[in-house]
Structure formats: structure tokens, C-alpha cells
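Student: I've got a new model open and would like to talk it through. Can we go over it together?

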Amino acid sequence: ESRSRISFTECVGRIRTKKRAMDRQHSRLGFVLFTIYLLLYVGFVLINAFRPTWMQVQPLSGVNLAILYGFGLILAAFFLALLYGMFAKNEPAEEDA
């Protein structure tokens, strides 16, 4: 057999290196998703601050835009959390052999 043996210390070092890379990827993904949500929320705040009459418009079955936008923010947060959960798994990326 031509297996190369590595020391325990080298193995632990490789695991730590992979973990740091995954942590960076998770941080980047979290930041992107946070930025998306922040932009949605800022839109809600800006409409309320500068065009509050828009929030009184009833585009759907007598429900005003403020309620729809608020529920939309809640659903967006849930959806973004699901995306993070799907893409930020703790499985190491496959190595190039």
C-alpha cells in the first residue's frame, strides 16, 4: 500500500484550516443575507417616514400596505433564515483530489 501517513497534529491542523475557511464562508453568507433584509427594512422605514399615506393604500382585499409589508418582512426573515440553513451546513467542501 502506498498510503501516506500524517501525524495527528497535521490532521488537526488541516481540520482547523477547513473550519476557518467554512467560518469565513458562513460569515460572508450571513452578511449578504443581513444586507438584503436591511434593505427591505430600510424601505419600510423610509416609506413610513416620507410617504406615510402610501401605507394606507389597500392593494389587496382591504388590507393596507403597512400590514402587507410587515408580513412580507416576517416572511422574508424566515426565508432568508432557511437559505442560510441550507447553504451554511457544517459539511466541509469536497477537496480536489
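Student: Which residues of α1 are buried?

Tutor: First, this is a predicted model, where local features need pLDDT of at least 70, side-chain atom pairs count only at pLDDT 80 or more, and totals for chains, interfaces and linings use all residues. Residues are numbered from 1 along each chain as its sequence is written, and side-chain values use heavy atoms, with hydrogens and water left out. Buried means under 20% relative accessible area, exposed over 50%, and partly exposed in between (1.4 Å probe, protein chains only). By that cut-off, the buried residues in α1 are M22, H26, L33, G43, F44 and I47.

Student: And what do the buried residues of α1 pack against?

Tutor: Helices here are DSSP runs (H or I, at least four residues; strands are E, at least two), numbered from the N terminus. The protein chain has 2 helices and 0 strands. Contact means heavy atoms within 4.5 Å, and the buried residues of α1 pack against α2 (65-87).

Student: Why does Y37 count as partly exposed?

Tutor: Partly exposed is the class between buried and exposed. Y37 falls there because its relative accessibility is 25%.

Student: How far does α1 reach from its first C-alpha to its last?

Tutor: The expected span of a helix is 1.5 Å times one less than its number of residues. With 43 residues, α1 would be expected to span 63 Å, and its actual reach is close to that, at 62 Å.

Student: Which residues form one aromatic cluster?

Tutor: Rings of Phe, Tyr and Trp (its six-membered ring) pair if their centres lie within 6.5 Å; planes under 30 degrees apart count as stacked, over 60 as edge-to-face and the rest as tilted. That rule gives 2 aromatic pairs. One aromatic cluster is made of Y41, F44 and Y69.

Student: What percentage of the residues of the protein chain count as buried?

Tutor: The protein chain has 97 residues. The share of them that counts as buried is 11%.
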